[in-house]
Amino acid sequence: MKEGQVDIYYITGESIAGVSASPFIETLKRKGLEVVYMVDPIDEYCVQQLKEFEGKKLKSVTKEGLDLEDEDEKKALEEQKAEYEGLCKLIKEVLADKVEKVIVSNRVVESPCVLVTSEYGWSANMERIMKAQALRDNSMTSYMVSKKTMELNPDHPIMKELKAKASADKSDKTVKDLVWLLFDTSLLTSGFNLDEPTQFAGRIHRMIKLGLSIDEDDMEDDDLPPLEEVEGAVDEASKMEEVD
(Lines give C-alpha, C1' and ligand atoms only; values in the text may rest on other atoms or scores of the structure.)
Protein backbone atom coordinates (compact mmCIF):
# COMPACT_ATOMS: atom_id res chain seq x y z
CA MET A 1 0.00 0.00 0.00
CA LYS A 2 1.04 3.57 -0.68
CA GLU A 3 2.40 5.41 2.34
CA GLY A 4 -0.47 7.27 3.96
CA GLN A 5 -3.18 4.93 2.66
CA VAL A 6 -5.31 4.31 5.74
CA ASP A 7 -7.90 1.87 4.36
CA ILE A 8 -7.88 -1.26 2.23
CA TYR A 9 -9.86 -0.53 -0.92
CA TYR A 10 -11.47 -3.36 -2.84
CA ILE A 11 -13.78 -3.90 -5.79
CA THR A 12 -15.84 -6.99 -6.57
CA GLY A 13 -16.88 -8.22 -10.00
CA GLU A 14 -17.05 -11.09 -12.46
CA SER A 15 -13.51 -10.89 -13.82
CA ILE A 16 -10.15 -9.15 -13.51
CA ALA A 17 -10.67 -7.52 -16.92
CA GLY A 18 -14.07 -6.25 -15.84
CA VAL A 19 -13.04 -4.68 -12.54
CA SER A 20 -9.78 -3.26 -13.91
CA ALA A 21 -11.79 -1.30 -16.50
CA SER A 22 -14.31 -0.07 -13.94
CA PRO A 23 -14.79 3.72 -13.68
CA PHE A 24 -14.75 3.36 -9.88
CA ILE A 25 -10.99 2.91 -9.75
CA GLU A 26 -10.10 5.90 -11.96
CA THR A 27 -9.44 8.26 -9.03
CA LEU A 28 -7.58 5.65 -7.00
CA LYS A 29 -5.28 4.92 -9.93
CA ARG A 30 -4.61 8.63 -10.34
CA LYS A 31 -3.74 8.94 -6.65
CA GLY A 32 -1.53 5.83 -6.74
CA LEU A 33 -3.69 3.95 -4.24
CA GLU A 34 -3.84 0.15 -4.22
CA VAL A 35 -7.10 -1.69 -4.89
CA VAL A 36 -7.77 -5.38 -4.20
CA TYR A 37 -9.64 -7.10 -7.03
CA MET A 38 -12.16 -9.66 -5.74
CA VAL A 39 -13.65 -11.71 -8.57
CA ASP A 40 -14.84 -14.91 -6.87
CA PRO A 41 -18.53 -15.06 -5.83
CA ILE A 42 -17.51 -16.15 -2.32
CA ASP A 43 -15.66 -12.83 -1.90
CA GLU A 44 -18.96 -10.97 -1.66
CA TYR A 45 -19.98 -13.09 1.33
CA CYS A 46 -16.56 -12.83 2.96
CA VAL A 47 -16.36 -9.02 2.95
CA GLN A 48 -19.74 -8.84 4.67
CA GLN A 49 -18.11 -10.49 7.70
CA LEU A 50 -14.51 -9.36 7.34
CA LYS A 51 -14.75 -5.65 8.09
CA GLU A 52 -11.05 -5.02 8.70
CA PHE A 53 -7.64 -6.63 8.41
CA GLU A 54 -4.67 -5.87 10.68
CA GLY A 55 -6.35 -2.72 11.93
CA LYS A 56 -7.24 -1.37 8.48
CA LYS A 57 -10.87 -1.11 7.39
CA LEU A 58 -12.02 -2.71 4.15
CA LYS A 59 -13.86 -0.24 1.94
CA SER A 60 -15.70 -1.00 -1.28
CA VAL A 61 -14.94 1.54 -3.98
CA THR A 62 -18.42 1.01 -5.47
CA LYS A 63 -20.29 2.15 -2.37
CA GLU A 64 -20.98 5.42 -0.61
CA GLY A 65 -18.64 6.88 1.97
CA LEU A 66 -15.42 6.77 -0.06
CA ASP A 67 -13.41 9.74 1.24
CA LEU A 68 -10.44 10.37 -1.04
CA GLU A 69 -10.23 14.18 -1.04
CA ASP A 70 -7.68 16.36 0.68
CA GLU A 71 -8.72 19.69 2.23
CA ASP A 72 -8.26 21.71 -0.98
CA GLU A 73 -10.24 19.18 -3.01
CA LYS A 74 -13.04 19.18 -0.43
CA LYS A 75 -13.28 22.97 -0.62
CA ALA A 76 -13.43 22.92 -4.41
CA LEU A 77 -16.03 20.13 -4.30
CA GLU A 78 -18.29 22.18 -2.03
CA GLU A 79 -18.25 25.01 -4.57
CA GLN A 80 -19.12 22.58 -7.37
CA LYS A 81 -21.98 21.12 -5.31
CA ALA A 82 -23.54 24.57 -5.09
CA GLU A 83 -22.99 25.11 -8.82
CA TYR A 84 -24.64 21.80 -9.78
CA GLU A 85 -27.46 21.90 -7.23
CA GLY A 86 -30.07 22.73 -9.88
CA LEU A 87 -28.98 19.93 -12.23
CA CYS A 88 -28.88 17.37 -9.41
CA LYS A 89 -32.42 18.30 -8.46
CA LEU A 90 -33.61 18.07 -12.07
CA ILE A 91 -32.00 14.65 -12.62
CA LYS A 92 -33.62 13.35 -9.45
CA GLU A 93 -37.01 14.60 -10.65
CA VAL A 94 -36.55 12.89 -14.03
CA LEU A 95 -35.33 9.56 -12.65
CA ALA A 96 -37.69 9.62 -9.66
CA ASP A 97 -37.42 6.39 -7.62
CA LYS A 98 -34.76 4.93 -9.91
CA VAL A 99 -32.18 6.65 -7.71
CA GLU A 100 -32.27 7.56 -4.05
CA LYS A 101 -30.33 10.79 -4.59
CA VAL A 102 -28.13 12.65 -7.07
CA ILE A 103 -24.93 14.32 -5.88
CA VAL A 104 -21.68 15.80 -7.18
CA SER A 105 -18.55 13.76 -6.56
CA ASN A 106 -14.93 13.48 -7.67
CA ARG A 107 -15.03 9.69 -7.47
CA VAL A 108 -14.51 9.37 -11.24
CA VAL A 109 -12.14 11.12 -13.65
CA GLU A 110 -13.01 10.00 -17.17
CA SER A 111 -16.68 9.02 -16.80
CA PRO A 112 -19.51 11.58 -16.65
CA CYS A 113 -21.31 9.76 -13.83
CA VAL A 114 -21.61 6.48 -11.94
CA LEU A 115 -24.15 4.71 -9.75
CA VAL A 116 -23.01 3.76 -6.25
CA THR A 117 -24.84 1.74 -3.62
CA SER A 118 -25.39 2.36 0.08
CA GLU A 119 -22.59 1.42 2.45
CA TYR A 120 -24.52 -1.46 4.05
CA GLY A 121 -26.57 -2.62 1.06
CA TRP A 122 -25.74 -5.01 -1.73
CA SER A 123 -23.14 -4.07 -4.29
CA ALA A 124 -24.04 -4.35 -7.98
CA ASN A 125 -22.09 -7.61 -8.14
CA MET A 126 -23.89 -9.05 -5.10
CA GLU A 127 -27.23 -8.06 -6.61
CA ARG A 128 -26.26 -9.95 -9.78
CA ILE A 129 -25.24 -13.03 -7.78
CA MET A 130 -28.46 -13.09 -5.75
CA LYS A 131 -30.65 -12.67 -8.84
CA ALA A 132 -28.91 -15.70 -10.33
CA GLN A 133 -29.76 -17.93 -7.35
CA ALA A 134 -32.25 -20.59 -8.40
CA LEU A 135 -33.84 -20.78 -4.94
CA ARG A 136 -33.50 -17.15 -3.94
CA ASP A 137 -35.99 -15.54 -1.59
CA ASN A 138 -37.81 -12.87 -3.60
CA SER A 139 -38.88 -11.03 -0.45
CA MET A 140 -35.25 -10.72 0.62
CA THR A 141 -34.24 -9.67 -2.88
CA SER A 142 -36.73 -6.81 -2.90
CA TYR A 143 -35.66 -5.78 0.61
CA MET A 144 -31.93 -5.80 -0.07
CA VAL A 145 -32.00 -4.50 -3.65
CA SER A 146 -29.42 -1.80 -4.08
CA LYS A 147 -30.43 1.77 -3.26
CA LYS A 148 -28.61 3.69 -5.97
CA THR A 149 -27.01 7.11 -5.73
CA MET A 150 -26.00 8.84 -8.95
CA GLU A 151 -22.70 10.67 -8.56
CA LEU A 152 -21.92 13.29 -11.20
CA ASN A 153 -18.46 14.25 -12.41
CA PRO A 154 -18.59 18.08 -12.47
CA ASP A 155 -15.41 18.32 -14.55
CA HIS A 156 -16.69 16.17 -17.41
CA PRO A 157 -17.68 18.11 -20.58
CA ILE A 158 -20.93 16.15 -20.89
CA MET A 159 -22.07 17.23 -17.43
CA LYS A 160 -20.99 20.82 -18.04
CA GLU A 161 -22.99 21.02 -21.26
CA LEU A 162 -25.97 19.26 -19.69
CA LYS A 163 -25.94 21.78 -16.85
CA ALA A 164 -25.89 24.64 -19.36
CA LYS A 165 -28.82 23.19 -21.32
CA ALA A 166 -30.82 22.55 -18.16
CA SER A 167 -30.17 26.09 -16.92
CA ALA A 168 -31.38 27.50 -20.24
CA ASP A 169 -34.60 25.47 -20.27
CA LYS A 170 -35.56 23.04 -17.49
CA SER A 171 -38.42 21.64 -19.57
CA ASP A 172 -36.18 20.82 -22.54
CA LYS A 173 -37.16 17.29 -23.61
CA THR A 174 -33.64 16.68 -24.93
CA VAL A 175 -32.25 17.14 -21.42
CA LYS A 176 -34.62 14.49 -20.07
CA ASP A 177 -33.70 12.12 -22.89
CA LEU A 178 -30.01 12.60 -22.17
CA VAL A 179 -30.55 12.03 -18.45
CA TRP A 180 -32.15 8.65 -19.19
CA LEU A 181 -29.30 7.71 -21.52
CA LEU A 182 -26.75 8.65 -18.87
CA PHE A 183 -28.64 6.59 -16.30
CA ASP A 184 -28.77 3.53 -18.55
CA THR A 185 -25.08 3.74 -19.49
CA SER A 186 -24.21 4.24 -15.83
CA LEU A 187 -26.09 1.06 -14.97
CA LEU A 188 -23.87 -0.84 -17.39
CA THR A 189 -20.54 0.74 -16.42
CA SER A 190 -21.35 0.44 -12.71
CA GLY A 191 -22.02 -3.30 -12.95
CA PHE A 192 -25.82 -3.42 -12.94
CA ASN A 193 -28.16 -5.05 -15.45
CA LEU A 194 -30.46 -3.00 -17.65
CA ASP A 195 -34.12 -3.17 -16.65
CA GLU A 196 -35.27 -2.59 -20.23
CA PRO A 197 -32.58 -3.40 -22.84
CA THR A 198 -35.00 -2.88 -25.74
CA GLN A 199 -35.93 0.56 -24.47
CA PHE A 200 -32.24 1.45 -24.09
CA ALA A 201 -31.55 0.29 -27.65
CA GLY A 202 -34.44 2.43 -28.85
CA ARG A 203 -32.94 5.50 -27.23
CA ILE A 204 -29.56 4.79 -28.80
CA HIS A 205 -31.15 4.32 -32.23
CA ARG A 206 -33.01 7.61 -31.83
CA MET A 207 -29.80 9.43 -30.96
CA ILE A 208 -28.02 7.83 -33.92
CA LYS A 209 -30.76 9.11 -36.23
CA LEU A 210 -30.41 12.57 -34.75
CA GLY A 211 -26.66 12.39 -35.24
CA LEU A 212 -27.20 11.43 -38.87
CA SER A 213 -29.60 14.38 -39.30
CA ILE A 214 -32.48 12.12 -40.32
CA ASP A 215 -35.74 14.06 -40.49
CA GLU A 216 -38.03 13.81 -37.49
CA ASP A 217 -40.85 12.57 -39.71
CA ASP A 218 -38.73 9.57 -40.61
CA MET A 219 -38.11 8.83 -36.92
CA GLU A 220 -41.69 7.95 -36.07
CA ASP A 221 -41.03 4.23 -36.46
CA ASP A 222 -43.11 1.68 -34.60
CA ASP A 223 -39.97 -0.18 -33.52
CA LEU A 224 -38.58 2.81 -31.65
CA PRO A 225 -40.00 3.37 -28.16
CA PRO A 226 -40.19 6.92 -26.79
CA LEU A 227 -36.94 8.16 -25.32
CA GLU A 228 -38.47 9.02 -21.99
CA GLU A 229 -39.14 6.25 -19.50
CA VAL A 230 -42.27 4.22 -20.09
CA GLU A 231 -44.15 4.06 -16.81
CA GLY A 232 -44.68 0.52 -15.57
CA ALA A 233 -42.13 -1.11 -17.86
CA VAL A 234 -39.79 -2.01 -15.02
CA ASP A 235 -42.60 -3.37 -12.90
CA GLU A 236 -43.56 -5.75 -15.69
CA ALA A 237 -39.93 -6.85 -16.05
CA SER A 238 -39.76 -7.52 -12.29
CA LYS A 239 -42.93 -9.61 -12.46
CA MET A 240 -41.51 -11.69 -15.27
CA GLU A 241 -38.29 -12.19 -13.31
CA GLU A 242 -40.27 -13.50 -10.33
CA VAL A 243 -42.10 -15.93 -12.60
CA ASP A 244 -38.78 -17.20 -13.95
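Predicted model: local features only at pLDDT ≥ 70, side-chain atom pairs only at ≥ 80, totals over all residues.
What covers the buried residues of helix H6? The cover includes strand S1 (8-12), helix H3 (41-49), S6 and S7, with contact meaning heavy atoms within 4.5 Å.

Residues are numbered from 1 along each chain as its sequence is written, and side-chain values use heavy atoms, leaving out hydrogens and water.

Back to H6 (residues 124-131): six of its eight residues are buried, so the rest of the structure largely encloses this helix. Buried here means under 20% relative accessible area with a 1.4 Å probe, protein chains only. Those residues are Ala124, Asn125, Met126, Glu127, Ile129 and Met130.

S6 and S7 also belong to an open, mixed sheet of three strands in the order S5-S7-S6. Strands count as paired if DSSP finds at least two bridges between them. The edges are S5 and S6, each pairing on one side only, and the twist averages 30° from one strand to the next. S6 and S7 run antiparallel, joined by five bridges, and Cys113 sits opposite Leu152 in S7.

| S5 | 101-104 |
| S6 | 113-117 |

Elsewhere, H5 (residues 85-95) packs on H9 (residues 173-189) at about 80°, axes 10 Å apart. That makes H5 roughly perpendicular to H9, a label for angles of 65 to 115 degrees. Leu90, Ile91, Val94 and Leu95 in H5 meet Val175, Lys176, Val179, Trp180 and Phe183 in H9.

Methods:
Helix = DSSP H or I, 4+ residues; strand = E, 2+ residues; numbered from the N terminus. Axes fitted to C-alpha atoms, helices over the stretch in contact; angles between N-to-C directions. Parallel < 35°, antiparallel > 145°, perpendicular 65-115°, else oblique. Buried < 20%, exposed > 50% of the residue type's maximum accessible area, 1.4 Å probe, protein only.
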